[in-house]
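Here is a short report on one model.

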Amino acid sequence: MPLPPGPRMPRAAQTVAWIARPGPFMLRAHDRYGDAFTIRIGAEPPVVMLAHPEAVRQVFTGDPALLHAGKANGVLRPLLGRASVLLLDGPEHLRQRKLMLPPFHGSRMAGYRDMVAAIAREQIASWPRGEPLALAPRMQAITLDVVLRVIFGVRDSARLRSLRDRLRTMVDRITSGPSMLAMASAGPDLIERARIFRPTLKPVDELLHEQIRERRDDPGDDVLSLLLAARHDDGSPMTDQELRDELMTLLVAGHETTATALAWTAERLVRAPAGWAALQAGGEEYAEAAGKEALRLRPVLPIVLRHLQAPTTIAGLDLPAGTLVAPSIYLVHRRAELYPEPSRFRPERFLGDQPQGGTYTWIPFGGGVRRCLGAAFALMELRVVLAELAAQVDAAPARAEREATARRGITLVPARGAEVVLS
Ligand code: HEM
């Protein structure tokens, strides 16, 4: 059976549209071709986009041996390392994921929240008032410190400063246009063999290994200490290499994504009638609802990908091995039958019983055995940081026009960095 139809423009034009304006590109194709359509981008195999929650359910609950996710993230291997949970598939992935789930279980969040609140409180207090301020970089500073202190367990302020500096340099260098291009075109094997990133990674790895040694000798209640205490089924602990790779993975997966979600929530809230006042009146409950609504309307990642290892039937479509299937977070979140007036920002949708909060209708964190490990952690950060912000300041948009969506790597960010004026 042929793949479902999709946009007929040349591959190069589809690639440009996907990179420059993924949202409108998907919406147009969805209007024209329906809930499953095929797009062709870059040198990738055909990508079958899925916009219906039932099709998405089939992908998320399908056999992980058939639906690989790790390979699609392969370009990150030189940075994250071979043991990264993001890059593994099948039994190896589950083996690693099993050890990482407990520190991120919902029941652990209460133990982390006070430190997150303290970090937010201190940083927000130092932000300038009365002048235009881009929130995105400020939110990144908060979420970076959260990763370093709550996840890595850094206590010493000199170590905190040097890790902060070295990590920022690393992230800036590696996510720069030329580096990303080099990674995508040369492929991870060549990059690893040529040790292109070695000068950038070495100073970071040194500090990570120091941190691992220190927490091993003197554990705390941070995520790293819990990972050090965890044991695989055969009784073995995680090796230093595994620990290093997973720390790097948690940083890369959890730092900018959460900062972007925070920035988008603020961008939408300051433009919603009485949005900020509602945040100030509604405490953490409203903050969480606003964060969820922002993740619905402005998902940080517009799709997730699975690579079919064998012919598979999804939503009645017989798809050949080698196809990429992409549950479209963006399109599912804009279905009018699930979210009336879908393009309006209305945090109230997520207050109370969350009538439309079905499992495969709100999917900013993906799903199934690959669902975001940090989902509860990210929601806790959204709650705590937004509530702290609302407690300290009033906020207004720096300019009336809404911010366009820009691309930063694979994430979708507010084009002006969520510019506001605080008072
Ligand atoms: C609002 C912030 C965040 C968003 C929108 C987000 C979104 C996602 C998405 C869409 C996936 C892929 C799921 C799939 O393929 O089905 C993912 C995976 C992952 N995320 Fe997040 N994430 C966020 C924050 C975090 C945080 C704070 C952490 C950890 C501290 C984290 C750690 C991970 C890890 C380790 C994976 C890989 C899971 C696996 O492959 O088994 N994320 N995230």
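## Sheet, iron site and a helix crossing

Strand 2 (residues 47–50) and strand 8 (residues 324–327) run parallel, joined by four bridges. This is a predicted model. Valine 47 faces leucine 324 of strand 8. The two strands belong to an open sheet of five strands, ordered 1-2-8-5-3, and its pairing is mixed. Strand 1 (36–39) and strand 3 (67–68) form the edges, each pairing on one side only. Helix 3 (residues 53–60) packs on this sheet. Helix 3 touches strand 2, strand 3, strand 5 (306–308) and strand 8, and its direction makes about 125° with that of strand 8.

The ligand's iron atom has a single donor from the protein: SG of Cys372, 2.2 Å away. Cysteine 372 lies in the loop between helix 14 (329–332) and helix 15 (375–392).

Two helices pack at an angle of about 115°, with their axes 10 Å apart: helix 10 (residues 198–217) and helix 12 (residues 240–269). Angles of 65 to 115 degrees count as roughly perpendicular, so helix 10 and helix 12 are roughly perpendicular to each other. Their crossing is right-handed. The table gives the residues that meet.

| Helix | Residues in the contact |
|---|---|
| Helix 10 | Leu201, Val204, Asp205, Leu208, His209, Ile212, Arg216 |
| Helix 12 | Asp240, Leu243, Arg244, Leu247, Met248 |

By class, the residues of this contact between helix 10 and helix 12 are seven nonpolar, one polar and four charged.

Key: Residues are numbered from 1 along each chain as its sequence is written. This is a predicted model: local features need pLDDT of at least 70, side-chain atom pairs count only at pLDDT 80 or more; totals for chains, interfaces and linings use all residues. Side-chain values use heavy atoms; hydrogens and water are left out. Two strands pair if DSSP finds at least two bridges between them. Contact means heavy atoms within 4.5 Å. Axes are lines fitted to C-alpha atoms, for helices over the stretch in contact, and angles run from 0 to 180 degrees between N-to-C directions. Donors are N, O and S atoms within 2.8 Å of the metal (3.2 Å for Na, K and Ca); water is not among the atoms, so sites may look incomplete. Angles under 35 degrees count as roughly parallel, over 145 as roughly antiparallel, 65 to 115 as roughly perpendicular and the rest as oblique. A crossing is left-handed if the near helix is turned anticlockwise from the far one by less than a right angle, and right-handed if clockwise. Ala, Val, Leu, Ile, Met, Phe, Trp, Tyr, Cys and Pro count as nonpolar, Asp, Glu, Lys and Arg as charged, and the others, Gly among them, as polar.
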